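This report goes through one protein model from its overall layout down to single residues. Please keep the sequence and the 3D view open while reading.

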Amino acid sequence: MAARILIADADPDLTEIYRDHLEELGLAVRTTANGVECVNLLREFRPNLLLLSTSLPWSGCGRVLALMKDEPELRPEFVLILADRSDRNVLYRVASCHVDDFQFKPLSPLRLEQYIKGLLDACTDLACPGCLRPSPIH
């Protein structure tokens with residue numbers, strides 16, 4: 001089973017570049033350009049990884065993160081925040097939410113691929129194909 005990736009970003013060009021690149025790798029990818037649809041896709045698509053932009057309409061990424069905090073079943077295994085380079089306060093805004101990492105945009109498709117491959121390589125739960133589980137830190 002291919003890992004499921006949800007890209008939630010208002011930038012249609014960047015979203016298309018990421019989607020095309022990740023689909024070429026055999027990953028199942030869905031995209032959205034607004035927070036309300038992001039929440040719906042979290043419920044329906046059940047992604048393993050959410051790429052969530054801070055510039056997403058509907059209160060940036062704040063409302064999506066707040067809903068995931070209130071409804072933990074919505075939260076994917078991994079959440080990567082994508083922030084504009086001018087958004088230097090991103091860490092302060094997402095610190096109280098459970099996010100795994102954040103990167104400044106634009107993140108190159110190759111860098112994104114390496115990041116996702118690292119997560120997939122860390123998968124240790126062989127009894128659960130398609131499930132992503134981080135390996136323990138030694």
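**Overall layout**

The model is a predicted one. It contains five helices and five strands. Read from the N terminus, these elements follow the order β-α-β-α-β-α-β-α-β-α. The protein has 138 residues, and 41% of them are buried. When contacts between residues at least 6 apart in sequence are considered, 56% join residues at least 24 apart. The protein exposes about 7,400 Å², and 54% of that area is supplied by carbon and sulfur atoms.

**Helix α1**

Helix α1 covers residues 12–24, which is 13 residues. From its first C-alpha to its last it reaches 18 Å, close to the 18 Å expected at 1.5 Å a residue. Which residues of α1 are buried? They are L14, T15, Y18 and L22. These residues lie on the same side of α1 because they cover an arc of only 100 degrees around the axis. The background is helix geometry: with 3.6 residues a turn, residues three or four places apart in an α-helix point the same way.

The other side of α1 carries P12, D13 and E24, which are exposed.

At the start, a side-chain oxygen of D11 comes to within 3.0 Å of the backbone nitrogen of D13. Just after the helix, G26 has a positive phi of about 90 degrees.

**Helix α2**

Helix α2 spans residues 35–44. Its buried residues are G35, C38, V39, L41 and L42. Viewed down the helix axis, they fall within an arc of 165 degrees, so they line one face of α2. That set packs against β1, β2, β3 and α3 (62–70).

What caps the N-terminal end of α2? N34 does, with a side-chain oxygen 3.1 Å from the backbone nitrogen of V36.

**The loop between α2 and β3**

Two residues of this loop deserve a look. R46 lies between α2 and β3 (49–53). Its phi is near 50 degrees, a positive value in a residue other than glycine. In general, most residues other than glycine have a negative phi, and most peptide bonds are trans. R46 is partly exposed, with a relative accessible area of 36%.

N48 lies in the loop between α2 and β3 as well. Is N48 buried or exposed? It counts as buried, because its relative accessibility is 2% and the cut-off for buried is under 20%. The side chain of N48 reaches the backbone nitrogen of R4 at 2.7 Å.

| Side chain | Backbone nitrogen | Distance |
|---|---|---|
| D11 | D13 | within 3.0 Å |
| N34 | V36 | 3.1 Å |
| N48 | R4 | 2.7 Å |

**I7 in strand β1**

I7 is part of strand β1. With a relative accessibility of 0%, I7 counts as buried. Leaving aside neighbours within four places in sequence, I7 is in contact with T15, Y18, R19, L22, V29, R30, T31, T32 and L51. The C-alpha atoms of I7 and L49 are separated by 8.5 Å, although the two residues are 42 residues apart along the chain.

How many aromatic pairs are counted? The count comes to one. F102 and F104 form this pair, which is edge-to-face, with 5.7 Å centre to centre and 90 degrees between the planes. F102 is partly exposed, its relative accessible area being 24%.

Which kind of peptide bond runs from K105 to P106, cis or trans? The bond is cis, with omega near -5 degrees. P106 itself is in the loop between β5 and α5.

Methods. Residues are numbered from 1 along each chain as its sequence is written. This is a predicted model: local features need pLDDT of at least 70, side-chain atom pairs count only at pLDDT 80 or more; totals for chains, interfaces and linings use all residues. Side-chain values use heavy atoms; hydrogens and water are left out. Helices (H or I, at least four residues) and strands (E, at least two) are DSSP runs, numbered from the N terminus. The expected span of a helix is 1.5 Å times one less than its number of residues. Buried means under 20% relative accessible area, exposed over 50%, partly exposed in between (1.4 Å probe, protein chains only). The arc is that of the directions from the helix axis to the C-beta atoms. A polar contact is a pair of N or O atoms within 3.5 Å; within protein, one must be able to donate a hydrogen and the other to accept it, and residues adjacent in sequence count only if both atoms are side-chain atoms. Contact means heavy atoms within 4.5 Å. Accessible areas come from the Shrake-Rupley method with a 1.4 Å probe; for residues, only the protein chains shown count as cover. Rings of Phe, Tyr and Trp (its six-membered ring) pair if their centres lie within 6.5 Å; planes under 30 degrees apart count as stacked, over 60 as edge-to-face and the rest as tilted.
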